[in-house]
Amino acid sequence: MKKLYFITGSQDLYGEETLARVAEDGREMAGYLSGAVGRVAVEWQPVVRNSDEIFAVCMKASADPDCVGVITWMHTFSPAKMWIRGLQALAKPMLHLHTQYNEKLPYSTIDMDFMNLNQSAHGDREFGYICTRLGVRREIVVGYYRHARVVAAIRKFADTAVALDFSRGMRVAMFGGNMRDVAVTDGDRVESEIRYGWSVNYYGPGDLADIVAGVKKEEVKAKMREYAAKYEMRTDLTEAVEEQAKYEVALRRFIEAERINAFTDTFQDLHGLRQLPGLAVQNIMADGTGFAAEGDYKTAALMAVLCRMAEGRTGGTAFMEDYTYDLTEGGELELASHMLEVSPVFAASRPAIEVHPLSIGGKEPPARLVFDGAPGKAVAVSMVDMGDRYRLVCADIELVTPPEAMPKLPVARLMWKLRPDFATGAAAWIRAGGAHHAVVSTALDAADIRLFAKLTDTELVEINDRTEMPFGI
Ligand code: MN
């Protein structure tokens with residue numbers, strides 16, 4: 001299990017008795033949070049009293065592969081010049097917990113000793129100043145540490161810290177390049193690795209075709225049994241479905257051998273493959289492996305990171321594309337889909353396997369999952385490369401049940417309402433340069449994305465019910 005270090009700041013001024021209390025209280029608090037947060041262990045560290053101890057614990061956290069972040073808290077006053085060297089060395093995300101060991105004030109007994117022991121209102125301000133001055137990326141959570149709201153905020157931090165730890169070692173495969181001439185899906189792969197840790201590399205579709213050629217009949221049969229159990233078989237073209245089964249077995253073999261966390265393909269470069277991978281990719285996406293089409297490595301990688309963040313929560317997270325609208329005045333809806341690759345995590349009911357021709361790409365009709373999306377609150381998150389920086393655009397959206405059946409539409413689809421209203425939501429997204437590809441999640445909310453942006457120092461545009469564009473800017 002990954003862990004967060006719980007670091008309590010103090011100083012030597014108070015004497016052994018007070019420091020022993022500080023240690024005892026901190027240990028109890030870390031123990032409580034460890035149980036309450038759940039996803040990671042919260043590991044108490046000996047109280048730090050001077051510059052050397054602070055530097056040592058920050059170095060230890062930075063070097064510990066199981067440590068995904070630190071929680072810092074000043075039980076007493078801890079002069080912040082002592083923190084400069086340690087904070088400069090700290091390479092893990094930080095949560096500054098502004099809390100107290102006591103919830104209420106002991107009005108009838110409070111004396112100067114109590115005040116000296118419990119002075120985070122004082123000490124955390126001193127600590128906060130130096131963090132701000134040093135530009136330390138951090139989350140600040142305020143409140144009594146046992147309150148549900150505070151525990152929930154720490155849990156959110158833990159989810160993001162685990163996701164960032166994962167992000168730092170991620171490997172992304174591009175089968176083929178970026179779709180020709182497309183701007184927003186392209187990006188600076190070197191910068192992506194510097195900022196987010198994504199190692200993004202090209203592989204030839206022929207490499208995959210070679211693995212496909214080696215897939216055994218029994219493996220295809222087992223995959224077909226899995227499909228039959230999970231999905232409704234709404235086609236007689238068994239061979240076309242078996243072709244996708246082969247792709248899935250081959251893709252999983254490749255993913256395991258190359259330790260891949262996210263991948264892309266493109267319909268423009270499918271040498272050696274008879275179909276565009278559809279069903280195969282859909283079934284793999286459902287496991288949380290990142291994917292995006294047309295060589296959009298940023299969306300694929302972001303999907304993998306956000307899936308890791310959302311692990312253990314209810315709801316789905318996957319790649320989506322804005323497609324078309326119902327512009328009925330006052331009831332505007334967006335229809336989102338893709339050529340094939342929509343994840344079944346969004347399905348309202350059992351998806352069906354269908355085979356239809358694909359109008360572009362010049363390949364054989366591919367098998368794909370077709371379904372309607374389930375209703376619910378969600379976010380759509382897009383990462384774009386602005387040339388000198390990345391930008392995240394995060395929109396609150398409301399998934400809705402399609403108002404009518406679409407029997408002729410041969411792909412899975414989601415429908416949603418934009419926030420705060422159609423015109424403002426769409427104009428804001430377009431003004432912000434948001435892509436036509438996004439990661440949609442019903443498991444995460446804007447606060448999760450805000451935290452990811454904060455801890456990676458990524459520019460963020462949020463679109464929600466408070467968004468106004470009175471001057472169109
Ligand atoms: Mn697309």
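A: The model is a predicted one. Begin with strand β14, residues 367-370. A367 and L369 point one way from this strand, while R368 and V370 point the other way.

Q: Are these residues of β14 buried or exposed?

A: A367, R368, L369 and V370 are all buried. Buried here stands for under 20% relative accessible area.

Q: How do I read the pairing of strands, and how does β13 run relative to β14, parallel or antiparallel?

A: In general, strands of a sheet pair through backbone hydrogen bonds, either parallel or antiparallel. In this model β13 and β14 run antiparallel and are joined by four bridges. As an example, E354 has R368 in β14 as its bridge partner.

Q: Where is there parallel pairing, and in what order do the strands lie?

A: Look at the open sheet of five strands, whose order is β2-β1-β3-β4-β5, with parallel pairing. The edges are taken by β2 (41-44) and β5 (138-142); each has a single partner strand, so one side of each is left without a neighbour in the sheet. On average, neighbouring strands of this sheet are turned by 25° against each other, direction ignored.

Q: How many bridges join β3 to β4?

A: Three bridges join β3 (residues 67-74) to β4 (residues 94-98), and the two strands run parallel. V70 has M94 in β4 as its bridge partner.

Q: Which strands does helix α5 touch?

A: Helix α5 (residues 120-134) packs on the sheet and touches β3, β4 and β5. The direction of α5 makes about 155° with that of β4.

Q: Now the metal. Which residues coordinate the manganese ion?

A: The manganese ion is coordinated by E294 (OE), E321 (OE), H338 (NE2) and H437 (NE2), at 1.9 to 2.2 Å. The spacing of these donor residues in sequence is E-x26-E-x16-H-x98-H. E321 lies in strand β11 (residues 317-326) and H338 in the loop between β12 (333-337) and β13 (352-355), so this pair ties together parts that are 17 residues apart in sequence. Both E321 and H338 are buried.

Q: Which residues line the largest cavity?

A: The lining consists of F175, P205, L208, D265, D269, L270, L273 and P277.

Terms used. Residues are numbered from 1 along each chain as its sequence is written. This is a predicted model: local features need pLDDT of at least 70, side-chain atom pairs count only at pLDDT 80 or more; totals for chains, interfaces and linings use all residues. Side-chain values use heavy atoms; hydrogens and water are left out. Donors are N, O and S atoms within 2.8 Å of the metal (3.2 Å for Na, K and Ca); water is not among the atoms, so sites may look incomplete. Buried means under 20% relative accessible area, exposed over 50%, partly exposed in between (1.4 Å probe, protein chains only). Two strands pair if DSSP finds at least two bridges between them. Axes are lines fitted to C-alpha atoms, for helices over the stretch in contact, and angles run from 0 to 180 degrees between N-to-C directions. Contact means heavy atoms within 4.5 Å. On a 1 Å grid over the protein atoms alone, a cavity is a set of points where a 1.4 Å probe fits but cannot get out, and a pocket is an open set with protein on both sides within 12 Å along at least five of seven lines; lining residues have an atom within 4 Å of a point.
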